[in-house]
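Good morning, and thank you for coming. I would like to take you through one protein model, element by element, and I ask that you keep the picture in view as I speak.

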Amino acid sequence: MAKSQETYNKKEKEKKRLKKRQEKEKKREERKAAPKRTAEEMISYVDENGQLTDTPPDPSKKIVIEAEDIEIGVPKRPEGEEVISTRFGRVDFFNDSKGYGFIKEKDTNEKFFVHINGTVEDIAEGDKVSFELEKGPKGLNAIDVKKASF
């Protein structure tokens, strides 16, 4: 008498496939039985507050915007406003052998990278310094770093 070639695992997989097929067929029947909706019922509108709604917007609340009024990018700075370019801070870390370190700004406690090429005079850890910032490949870098007293 030969033993059945079906193992327990094969039977379980077959049961799962059959169950999945039955669920799929059931969902298909439910979709067919659902009432058909017209295109007008499926349209949604955006009201003046940005919320989706099924009623069309009120034309009296429509706002006309001129294309020239739209600003793309950073708005221009007013002429009377002055930019603070010199900042003050303390050298938080500096490695003389590798020639780089970090400066912690006095007011905001932000840290900025400094390279030996960006210094005017020799600096060491703990020195109070003044510096300016420039955009580097990985963020803002301190340049024109010199010792200061504040």
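This is a predicted model: local features need pLDDT of at least 70, side-chain atom pairs count only at pLDDT 80 or more; totals for chains, interfaces and linings use all residues.

Let me begin with helix H1.

How many buried residues does H1 have among its 26 residues? The count is 0, and the helix is hardly covered.

In one of them, the side chains of Lys15 and Glu12 meet, with 3.8 Å from N to O. Glu12, at 26%, counts as partly exposed.

The second pair is Arg17 and Glu14, whose side chains form a salt bridge at 2.8 Å, N to O. Arg17 and Glu14 also lie 3 residues apart in H1, about one turn of the helix. Arg17 is partly exposed at 48% relative accessibility, and Glu14 is likewise partly exposed, at 42%.

I turn now to the strands. In what order do the 5 strands close into a barrel? The order is E3-E4-E5-E7-E6, and the pairing is mixed. On average, neighbouring strands of this sheet are turned by 50 degrees against each other, direction ignored. As a reminder, strands of a sheet pair through backbone hydrogen bonds, either parallel or antiparallel.

Strand E3 pairs with strand E6, residues 128-136, in the antiparallel sense over 4 bridges. Within that pairing, Phe88 stands opposite Ser130 in E6. E3 is also joined to E4, by 6 bridges, and these two strands run antiparallel. Here the bridge partner of Arg90 is Lys104 in E4. The hairpin of E3 and E4 has 4 residues between the strands, and Gly99 in this hairpin takes a positive phi near 80 degrees.

From E4 we pass to E5. The two strands run antiparallel and are joined by 5 bridges, with Lys104 standing opposite Lys111 in E5. Lys111 has a further partner: Asp92 forms a salt bridge with Lys111, the closest N and O atoms being 2.7 Å apart. This pair links distant parts of the chain, with Asp92 in strand E3 (residues 87-95) and Lys111 in strand E5 (residues 111-115), 19 residues apart. Asp92 is partly exposed, at a relative accessible area of 34%. In total, the model contains 6 salt bridges, and I have described Lys15 with Glu12, Arg17 with Glu14 and Asp92 with Lys111 among them.

Next, a remark on backbone angles. Most residues other than glycine have a negative phi, and most peptide bonds are trans. Which residue in the turn between E4 and E5 has a positive phi? It is Asn109, in a hairpin with 5 residues between the strands, and its phi is about 60 degrees, although Asn109 is not a glycine. Asp144 also has a positive phi, near 50 degrees, and is a residue other than glycine. Asp144 lies in strand E7, residues 139-147, and is partly exposed at 36% relative accessible area.

Finally, a feature of the surface. Ile63, Ile65, Ile70 and Ile72 form a nonpolar patch there, with about 530 Å² of accessible area together. Where in the chain is Ile63 placed? Ile63 sits in the loop between strand E2 (52-53) and E3. Ile63 is exposed, with a relative accessible area of 69%.

That concludes the tour, and I am glad to return to any part of the picture in discussion.

Notes. Residues are numbered from 1 along each chain as its sequence is written. Side-chain values use heavy atoms; hydrogens and water are left out. A salt bridge is a side-chain nitrogen of Lys or Arg within 4 Å of a carboxyl oxygen of Asp or Glu. Buried means under 20% relative accessible area, exposed over 50%, partly exposed in between (1.4 Å probe, protein chains only). Patches are made of residues with over 30% relative accessible area and no salt bridge: like charges are joined within 9 Å, nonpolar side chains (Val, Leu, Ile, Met, Phe, Trp, Tyr) within 5 Å. Accessible areas come from the Shrake-Rupley method with a 1.4 Å probe; for residues, only the protein chains shown count as cover. Two strands pair if DSSP finds at least two bridges between them. Axes are lines fitted to C-alpha atoms, for helices over the stretch in contact, and angles run from 0 to 180 degrees between N-to-C directions.
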